[in-house]
Amino acid sequence: MLASGTWGLGENLDKFFTLKEIKENIGALVTKGISVNPRKGNPPPRTFETPCGLINSIGIENPGIKEFKRNYLPKIKSYGVPVIVNLYGEEVEEFLELSQELKGEADGLELNISCPNVKKGGLFFSYDSKTVSKLVKKVREIWKDFLAVKLSPVGPVYEIAEICEKYGADTVVVANTYPALAVLEFKPLKVLQGGLSGPAIKPLTLRLVYDISKKIKISVIGCGGIVSGKDALEYLLCGAKAFQVGTANLIDPRAPIKIIKELRSLTDGLCSKSASC
Amino acid sequence: MYEAKIVINKKEAENIYLLGIEIPKNVLKKFQPGQFLKIKINQRMDPLIPRPFTVHAIEENVVYILYQIVGKGTKSLSKLRKGEILEFLGPLGKPFPKLKNYVICAGGIGIAGFGFLLQKSVNKKIFYSPEMIFYGAKTKEELVRLSFLKRFGIPVKISTDDGSKGYKGIVTDMIEEEFKKDPRTVLACGPKPMLKRVAEIGKKYKAKTYLVMETFLACGTGFCMGCVIPLKRKKHAHLCIDGPTFLAEEIDFEFLS
């Protein structure tokens, strides 16, 4: 799967892949975070490179659900693979409105719970298991199709994963970026706060996937620093049933094809060595 | 990304290098002046993100990039030698606007992208030659590729901060002097304070002003929406797909980092 926020709004995807390549190599497209109203996003700078990683603070720039449905979703659907819309809300009601708007329009939803809850003074949903319970339960009442929750790697992660299972999510995506900070200027101090992604976080998220997949029965989708077939295989061996590629798309737009090819050759090798294959 | 072999990676001045890479002809044909490519040193996780570079010149099947060491990425690049392989993706971004009766203003390494424009405007088929090139640097040692620039027979007006060559002072002072007599469209690339000053001069003398912008850039393909250029309009622009060249009057300098 292509991870949310790492392939724009789908306008340019066909510049780098043929439709055949998309169908043969990409299991699903997870869209950029979509909110009820349009969001201009954060002022620059929005990205900063760290050793083996990238901090981003885009600010969920998106056209809002109405324009997204009108001007972007048709093209994304035309790629011919399942479309999962990532939802961004700052209160439970926004998620519900978005779910309602997307009924019959998308194949699945991915709830981004790494957002501040304005009704709770900006406390992140991912820190508040009570609100996540309510969120998943209420979205499930509206949305009968595939429902994923993208967990934050910080906060009561294991508890939140169990809540997602209890209230009917089909899967948890483990995990979003890690809260991080970069110093841009020393004096006066200027910093960039954002989410860290890339190979730097892979061992951390791999551990979460390993542990969470043992705790819950619903499937786990691994997401964190996958840039090679070997990385993807490690996630699968550690309990993930599928994986998302994110930062690698920013390095090379054709990275997903390369990763799948490498994974196929690695798994072919595994099978030939195993008596059960 | 495509693989490319390095044919030259030569020091032109302190911290300024000229890199030449062999690129397949069918890819090379697509490049227009003002566009850029991103370069990744093969297989490296650090630096992780490919770095963007404007095309300085194209000769035969070689794309030349003129770059300055400013950080980890360019430092690593400067260590590569002839014969080594790197990966690139391009062309990316939009070409320069097709201008007539205009001048170029370059500050420091900002000169890099204009070489290709000069090459492409020789036959005046798509791009036209500038009437004058204003090129400023800190010292005469940092003025690079002068003999190449002079090849095109266009007046090159030089300035250095320390007066070691040409006019002593900043390049925008020369532009202002010129515009007092004859304001024209200007296409500028250089450090942010220079661009800001060019925008002010353009406004003062009612000269159409285009600025080649720079910002942190990650994907270069419109995927991440990281390279935002704040505009006075409601929506931000993204350098990699809407730029890198913008009309100065549209840019909101207040929010530019």
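User: Which pLDDT do local features need?
Analyst: Residues are numbered from 1 along each chain as written, chains are lettered from A and ligands numbered from 1 in written order, and side-chain values use heavy atoms, leaving out hydrogens and water. The model is predicted, so totals for chains, interfaces and linings use all residues, side-chain atom pairs count only at pLDDT 80 or more, and local features need pLDDT of at least 70.

User: Which strands of chain B stand at the edges of the open sheet?
Analyst: The sheet has seven strands in the order β4-β3-β7-β1-β2-β6-β5 (chain B), paired antiparallel, two strands being paired if DSSP finds at least two bridges between them. Three bridges join β5(B) to β6 (residues 62–68) of chain B, with B:Glu59 opposite B:Val62. Two strands have a single partner each, so one side of each is left without a neighbour in the sheet: β4 (51–54) and β5 (57–59) of chain B.

User: What volume does the largest cavity have?
Analyst: A cavity is a set of points on a 1 Å grid over the protein atoms alone where a 1.4 Å probe fits but cannot get out, and lining residues have an atom within 4 Å of a point. The lining includes B:Ile39, B:Phe53 and B:Leu77, and β3 (36–40), β4 and α2 (72–78) of chain B each give two or more residues to it. The lining divides into eight nonpolar, one polar and two charged residues, and the volume of the largest cavity is about 80 Å³.

User: How many nonpolar residues line the second largest pocket?
Analyst: A pocket is an open set of points with protein on both sides within 12 Å along at least five of seven lines, and this one holds about 1,100 Å³ of space. Its lining comprises 50 residues, with A:Asn56, A:Asn176, A:Thr177, A:Gly194 and A:Gly195 nearest the centre. By class, the lining has 26 polar residues, three charged residues and a nonpolar group numbering 21.

User: What type of pair do the rings of A:Phe95 and A:Phe125 form?
Analyst: A:Phe95 lies in helix α4 (residues 92–102) of chain A, and A:Phe125, 30 residues apart from it, in the loop between β7 (123–124) and α5 (129–142); both are buried. Rings of Phe, Tyr and Trp (its six-membered ring) pair if their centres lie within 6.5 Å, with planes under 30 degrees apart counted as stacked, over 60 as edge-to-face and the rest as tilted. Here the centres are 5.5 Å apart and the planes at 85°, so the pair is edge-to-face.

User: Which residue is joined to A:Pro44 by a cis peptide bond?
Analyst: The bond has an omega of about -5°.

User: What phi does A:Ile60 have?
Analyst: A:Ile60, in the loop between β3 and α3 (65–78) of chain A, is buried, with a relative accessible area of 19%. Although A:Ile60 is not a glycine, its phi is positive, at about 50°.

Methods:
Helices (H or I, at least four residues) and strands (E, at least two) are DSSP runs, numbered from the N terminus. Grid points are joined across faces, edges and corners, and a volume is the space filled by probe spheres set on the points. Ala, Val, Leu, Ile, Met, Phe, Trp, Tyr, Cys and Pro count as nonpolar, Asp, Glu, Lys and Arg as charged, and the others, Gly among them, as polar. Buried means under 20% relative accessible area, exposed over 50%, partly exposed in between (1.4 Å probe, protein chains only).
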